[in-house]
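Hello,

Here is the structure I promised to hand over. Please have a look, then read on for what was found in it.

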Amino acid sequence: MDCIFCKIANKELGTELVYESGSVVAFHDINPQAPVHILIIPKRHLADLGEISPEDESLLYEIGVAVKELAAKYQLKDGYRLVTNCGPAAGQTVQHLHFHLLGGRELGWPPG
Ligand code: AMP
Ligand code: ZN
């Protein structure tokens, strides 16, 4: 399967990883929508949250830890947003589960 985020997780593209744990990596979004815009992904290929299964029980905890540590690392003390787009109506363009961590500016609500 030709998946760009699998290649990033496998360190095939030389993308700088700003965080790594057993099952998770994170890197800067190539088209940032905020001063801090990091993508947090499982190393294992899942198209979106709809493919999550019992073997991923610890994965969401690991993603939570990644968020916490990245929010501290990038000094997002005033707040941040965590977003995952699932499916075409939400505008998902990469079919490998990813969470956008956005911060460093005021974030409007509701999102578009
Ligand atoms: P989504 O629209 O939720 O599927 O988000 C996909 C995100 O991946 C977009 O914000 C893109 O800018 C980002 N993206 C695509 N390719 C790369 C890449 N090679 N490195 C970093 N970010 C990427
Ligand atoms: Zn993948």
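**Ile38 and the cores**

Leaving out its neighbours within four places in sequence, isoleucine 38 is in contact with Val18, Ala26, Phe27, His28, Asp29, Leu70, Tyr74, Phe99, His100 and Leu101. Contact means heavy atoms within 4.5 Å.

Before going further: this is a predicted model, where local features need pLDDT of at least 70 and side-chain atom pairs count only at pLDDT 80 or more, while totals for chains, interfaces and linings use all residues. Residues are numbered from 1 along each chain as its sequence is written, chains are lettered from A and ligands numbered from 1 in the order in which they are written, and side-chain values use heavy atoms, without hydrogens and water.

Ile38 is also among the residues with the most contacts inside the largest nonpolar core, which has 18 residues. (A nonpolar core is a set of buried Ala, Val, Leu, Ile, Met, Phe, Trp, Tyr and Cys residues joined through side-chain atoms within 4.5 Å. Buried means under 20% relative accessible area, exposed over 50%, partly exposed in between, with a 1.4 Å probe and protein chains only.) At least two residues of this core come from each of strand E2 (24–28), strand E3 (36–42), helix H2 (59–73) and strand E5 (99–103). H2 gives the most, with 6 residues. Helices (H or I, at least four residues) and strands (E, at least two) are DSSP runs, numbered from the N terminus.

A second, separate core has 10 residues, including Cys3, Cys6, Ile8 and Phe27.

**Zinc site**

Cys3 and Cys6 are both buried. Their SG atoms are donors to the zinc ion (ligand 2), as are the ND1 atoms of His45 and His96, at 2.0 to 2.3 Å. (Donors are N, O and S atoms within 2.8 Å of the metal, or 3.2 Å for Na, K and Ca; water is not among the atoms, so sites may look incomplete.) The spacing in sequence is C-x2-C-x38-H-x50-H.

**Strand E2**

E2 is mostly covered, with 4 of its 5 residues buried. E2 and E3 run antiparallel, joined by 5 bridges. Strands pair if DSSP finds at least two bridges between them. Val24 has Pro42 in E3 as its bridge partner. On the E1 side, a hairpin of 3 residues joins E1 to E2. Tyr19 stands opposite Ala26 in E2.

Best wishes
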